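Hello,

Here is the structure for your files. My notes on its salt bridges and on one helix packing follow below.

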Amino acid sequence: MQINRRLFGLGLLGLGLSACSRAVPGSVSTSTPTGLPADLRPVPNAAYDSWVTSFRGRAAAQGISQTTLSAAFRGTGYLPGVVTRDRNQTEFKRSLEDYLAIAASDERVQKGRAAFARHRGTLNALESRYGVDATIICAIWGLESFYGERRGEVPVISATSTLAFDGRRGRFFEQQLIAALRIIQNGDIPASQMTGSWAGAMGHTQFIPTSFLQFAVDYTGDGRRDIWSDDPTDALASAAAYLQRNGWQRGVSWGSESPNGSLQPQPGGPRFATTANFRVIKRYNNSDAYAIGVGHLSDRIGGAGPLRMEFPPDANGLTKSDRITLQQRLTARGFDTQGADGVIGSNTESAIRAYQTSRGLPVTGTPSQALLQSLR
């Protein structure tokens, strides 16, 4: 069954029973990462506890042992923050220009080239074995977890059980929970070390549990498919295996920027000519922007420059250069935008509102040419 990984979001961004052998509700397990916000720590919830009791029977009927259930649910509990995040998800409407400014930022390109250099031997060996370009594997790693820097610290059993209990996508997340328990039972990762995103995507390559069971490989030969540890080898191999088994064609590029290309995600912006391998990347995440992001980042890691064709001004009449200048001028005036990348996000909007307030202007948080001129 093909799972749409967009259900789990992107890390762009970038954002782990016996009869009732669980920690006292509301207690903090010793296996709970200490850096988690309060809403991603277990809180008392009697209805959740009852659901877990009922689920245990369904899990046992699917071959999950009592030993596995005991280990998996020890110290876990209901996480209100995952429900909040799940219900507040919106379909991102960023332009391709903004998306690529994040996906192939100077920092991500520089870190990608450094990561590729460190792991060149492994990546080239994976390309030889699976046929997937080494830079494509590295680019997926970069988009999914910022080259391993953002693997996620939320206990997967708590996250998936909370979402299964919540019910909005209960059947789907119960499948993920069962799959996570199978991973523990198979010995790939101890229950206390199985962590990931708030929605259960795991490791360097952010595999959901069902995808892990279907595609993860033990490339190092140590008897475990370990996508969590600091060594990214199994995770990178698993991403390559995923693409290979979904039809990757050896020796074929993902595509390229082309004035005659048939794909133009942003009106007035660059066009792209794509290949069958572009569609394979979309099996990892069913989004044109994601697949272009992987392909373009891969090209940049390999030494290519930025896109040649320019994007048109945005809905506010500002080019990327204008937006960068706006961010720089706001920060210079003491209204810090937390960086100048040309992407108007919450930090820039807050800085605009603070500036407008200080000047007695209508407080909109919206960038404009007039605002830019007022900052001269």
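Buried means under 20% relative accessible area, exposed over 50%, and partly exposed in between (1.4 Å probe, protein chains only). This is a predicted model, in which local features need pLDDT of at least 70 and side-chain atom pairs count only at pLDDT 80 or more, while totals for chains, interfaces and linings use all residues. Residues are numbered from 1 along each chain as its sequence is written, and side-chain values use heavy atoms, with hydrogens and water left out.

Salt bridges

The whole structure holds 14 salt bridges (a side-chain nitrogen of Lys or Arg within 4 Å of a carboxyl oxygen of Asp or Glu). In one of them, Arg 58 pairs with Glu 174, with 2.8 Å between the closest N and O atoms. Arg 58 sits in helix α1 (residues 46-61) and Glu 174 in helix α9 (residues 170-186), so the bridge ties together parts 116 residues apart in sequence. Helices here are DSSP runs (H or I, at least four residues) and strands likewise (E, at least two), numbered from the N terminus. Glu 174 is buried at 18% relative accessibility, whereas Arg 58 is partly exposed at 30%.

Glu 257 and Arg 308 also form a salt bridge (3.8 Å, N to O). Glu 257 belongs to strand β3 (residues 255-257) and Arg 308 to the loop between α13 (288-301) and α14, 51 residues apart. Glu 257 is buried at 10%; Arg 308 is exposed at 62%.

Helix pair

The axes of α14 (residues 320-332) and α15 (residues 346-359) come within 10 Å and cross at roughly 55° (lines fitted to C-alpha atoms over the stretch in contact, angles from 0 to 180 degrees between N-to-C directions).

Regards
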